[in-house]
Amino acid sequence: MYSIYEEITEQLETAVKNAISRAISEGELPEAEIPKIMFERPREEAFGDLSTNLAMQMAKQMKMAPRNLAQVIVKHIKTEGTYIDKVEVAGPGFINFYFNNEWLYRTLRLIDEKREHYGEINIGNGEKVMVEFVSANPTGPLHMGNARGGALGDCIASVLEKAGYNVTREYYINDAGNQIEKFGISLEARYLQQFMGEDSVPFPEDGYHGEDIIDHVKDYIKEHGDNLLDKSPEERRKALVEYALPRNLKRIRDGLTRYRINYDVWFSESSLYEGEIEETMNILRERGYVVEKDGAVWLSAEKTGLEKDEVLIRQNGYPTYMASDIAYHRNKFVKRGFDRVINLWGADHHGHVARMKAAMEALGISKDRLQIVLFQLVHLYKDGEIVRMSKRTGRAITLDDLLDEVGVDAARFFFNMKTSGSHLDFDMDLAVEQSNNNPVFYVQYAHARICSILRKLNEENIEMLPADRINLALLTQPEELALIKKLAEYPEEIRMAAQTLEPSRLTHYVIDVASHFHRFYNACRVKGERENLMQARLFLIHCTRIVIKNVLDLLKIEAPEKM
């Protein structure tokens with residue numbers, strides 16, 4: 001639970017505050033309240049390791065030009081006992097800090113000490129967070145949107161765990177409402193068509209047209225024959241749904257397990273119909289947030305600030321999807337006590353975001369506790385052309401089809417390479433290419449290459465010494481220092497990914513680590529150097545391997561030792 005950057009920023013903050021205090025006591029600055037000091041990495045290395053714009057923030061309060069104020073602060077900064085090598089004023093008043101190499105060597109020792117726990121931080125303090133993702137209707141197979149949402153949601157959950165949050169992964173089973181009615185009608189039509197012919201039994205236009213519906217009824221007939229022909233439509237649909245729904249759910253579970261996604265909770269929408277929807281509607285009614293008109297119950301636009309009233313209970317007394325969704329979210333916050341709920345939805349659900357946040361406020365739950373991550377569409381490409389159908393089955397490509405084609409590692413990596421709000425073009429040819437052009441291969445190869453070096457040295461009875469016997473100060477080459485700096489960034493990447501809910505930071509980060517390693521490897525020999533330098537470089541690649549594996553483990557991607 002430690003970041004070297006935390007130690008450094010604490011040192012800098014103390015040094016700057018003490019410098020201001022000294023300047024005030026010597027009469028060079030007036031008494032003033034110091035705001036929170038923020039440090040950032042400059043875009044260009046020439047401007048130091050960290051920088052602050054504090055002088056520009058305080059210039060008006062101090063009645064000084066920002067650059068002059070910065071120069072006074074820098075004059076009084078003491079660097080003894082810190083990682084600070086030098087401090088400079090730049091531009092209109094930035095204070096730039098340059099560090100000595102000790103912090104880099106401390107980073108390597110920390111990585112070796114923490115091993116698989118390196119990168120873990122604690123900004124969550126055990127806050128109870130639910131991440132609900134995929135939650136596809138159980139009326140058909142998982143598609144590309146589910147595949148992207150699954151990879152994103154699972155990795156967001158993993159990042160939050162690394163950042164000190166108490167995370168629950170949840171799948172919401174939409175096993176009630178319109179889609180299940182439509183599922184039953186679709187199954188019934190296909191069932192009757194098997195006996196009477198397609199021309200004799202019209203298929204509903206808004207029914208589910210997938211081949212899987214036909215597969216279900218054919219399998220049912222193999223097991224049970226025509227035993228539903230003499231049943232009423234209600235009985236027939238009920239029997240077919242009870243047969244097909246568990247099969248679909250099993251396929252979904254199996255597909256997600258194959259995709260390395262394991263949920264803590266599978267929550268059934270139908271369970272909300274046992275009193276929770278009614279209870280939630282009564283609370284909204286008591287709080288004055290519903291109106292009754294046209295024989296239905298509506299969420300009031302006037303009270304919530306929404307553009308229009310939203311129907312909650314239809315004229316026939318059945319709840320709408322929105323009513324069950326509001327009850328579901330009340331269950332998350334009130335019944336199960338989650339501090340924060342994160343939902344991953346396809347971008348086509350953007351209109352539902354404001355409605356759900358307004359509904360939470362209507363229930364007395366802060367809308368800020370509900371976060372929605374919207375993700376964009378995926379376009380699959382093969383041979384330079386968009387792919388919509390599987391050549392093997394002639395049907396729309398499912399998650400299983402994709403995993404058959406490119407494997408789990410490539411799928412999870414590629415789906416996390418772009419921010420959730422960006423459209424994703426998934427190049428299936430690149431995903432299976434065994435070359436440095438393929439980012440997941442490039443990263444895995446770096447890990448395997450390090451393992452190969454360590455293995456070959458071990459075969460020659462050359463082993464790495466204990467950390468306290470290795471002189472890391474020998475690591476002074478630009479490629480060595482650049483690699484260590486990159487390794488040092490990992491805990492901060494976890495922090496930023498957790499705060500922004502963007503795991504794409506980590507795929508880009510681990511590509512950068514691999515790139516820095518390859519540059520180091522091409523510039524610096526490990527074997528064949530004098531013993532003490534070889535040991536230092538051995539330690540460096542040992543730490544690099546740990547970091548690459550930690551990131552791949554978080555993404556649930558294999559870290560092969562041989563390729």
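## Basis of the model

This is a predicted model, in which local features need pLDDT of at least 70 and side-chain atom pairs count only at pLDDT 80 or more, while totals for chains, interfaces and linings use all residues. Residues are numbered from 1 along each chain as its sequence is written, and side-chain values use heavy atoms, with hydrogens and water left out.

## The annotated region

UniProt lists residues 10-99 as "domain: Arginyl tRNA synthetase N-terminal", in an unreviewed entry. UniProt positions follow the numbering used here, feature names are shortened, and annotations may be inferred rather than shown by experiment.

Over residues 10-99 the chain is 39% helix and 18% strand. The end C-alpha atoms of that stretch are 14 Å apart. Helices (H or I, at least four residues) and strands (E, at least two) are DSSP runs, numbered from the N terminus.

## A three-strand sheet

Strands E7, E8 and E9 form an open sheet in that order, with antiparallel pairing. E7 and E9 stand at the edges, each with a single partner strand, so one side of each has no neighbour in the sheet. The twist averages 40 degrees from one strand to the next. Axes here are lines fitted to C-alpha atoms, for helices over the stretch in contact, and angles run from 0 to 180 degrees between N-to-C directions.

Two strands pair if DSSP finds at least two bridges between them. Four bridges join E7 (residues 290-293) to E8. Val291 stands opposite Trp298, and Glu292 stands opposite Val297. E7 and E8 form a hairpin with two residues between them. Asp294, in the turn, has a positive phi of about 55 degrees. On the E9 side (residues 310-313), three bridges join E8 to E9. There, Trp298 stands opposite Val311.

## Side chains of E8

Which way do the residues of E8 point? In this strand (residues 296-299), Ala296 and Trp298 point one way, and Val297 and Leu299 the other. All are buried. Buried means under 20% relative accessible area, exposed over 50%, and partly exposed in between (1.4 Å probe, protein chains only).

## Nonpolar cores

A nonpolar core is a set of buried Ala, Val, Leu, Ile, Met, Phe, Trp, Tyr and Cys residues joined through side-chain atoms within 4.5 Å. The largest has 134 residues. Phe97, Leu108, Leu160, Tyr259, Phe413, Phe415 and Phe426 touch the most other members. Helix H20 (residues 531-554) gives the most to this core, with 13 residues. A second, separate core of 34 residues includes Ala301, Ile326, Ala327 and Phe338.
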